Amino acid sequence: MKMYEDLKKALQDLQQDVNHLKEQQALQTICLKGSKALNKCFLHFPEAKTYHEASDICISQGGTLSAPENGDENDALYEYVRKTLGSSSEVWIGINDMTNEGAWVDMTGNRISFKHWETEITTQPDGGKQENCASLSAVAIGKWFDKKCRDTLPFVCQFMIV
């Protein structure tokens, strides 16, 4: 009986290892198709979707809408968008204030500490309760704008490198 339990545990451990390797291989494939920056891989989706559709697609791929956590990540995302989608592109980012107006959070619901709103030409965010989803603009050199979540934009998913 002990031998059976040992074999069962060894088989479970092997299955866990295989699943982990499959995840790593999938992530490497994403990084090869997209771009690796810092501890994330970015993969662009050029077809315009609403914020929620874009978010669902990212989740179904094993990632989330990209959400820069600092200036270096924002710069890397901006460069990736500019190179893959063009210098006039605007993409959804994984930041919104749907739950509490003015309290901008990332896709996990955590309040963001890094912000990169456009404030020179327009004072962003400026949409109040009408515009609760954030975008990154290549025209504005990576600055953020608040937009209506039902608008459609291309998007970039991010995947954490494990």
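Trainee: Which residue does a disulfide join to C133?
Mentor: C149, with an S to S distance of 1.9 Å; a disulfide here is a pair of cysteine sulfur atoms within 2.5 Å. Bear in mind that this is a predicted model, where local features need pLDDT of at least 70, side-chain atom pairs count only at pLDDT 80 or more, and totals for chains, interfaces and linings use all residues. Residues are numbered from 1 along each chain as its sequence is written, and side-chain values use heavy atoms, leaving out hydrogens and water.

Trainee: Where do C133 and C149 lie?
Mentor: C133 is in strand 5 and C149 is in the loop between strand 6 (143-147) and strand 7, so the link ties together parts 16 residues apart in sequence. Helices (H or I, at least four residues) and strands (E, at least two) are DSSP runs, numbered from the N terminus.

Trainee: Is that link left-handed or right-handed?
Mentor: Right-handed, with 95° about the S-S bond.

Trainee: And how many disulfides does the structure hold?
Mentor: Two. C58 and C157 also form one, with sulfur atoms 2.0 Å apart, and that link is left-handed at -90°. C58 sits in helix 2 and C157 in strand 7, 99 residues apart.

Trainee: New topic: what does T50 touch?
Mentor: Leaving aside residues up to four places away in sequence, T50 touches W92, C149, R150, D151 and T152. Contact means heavy atoms within 4.5 Å.

Trainee: Where is T50 found?
Mentor: In the loop between strand 2 (40-49) and helix 2 (51-60).
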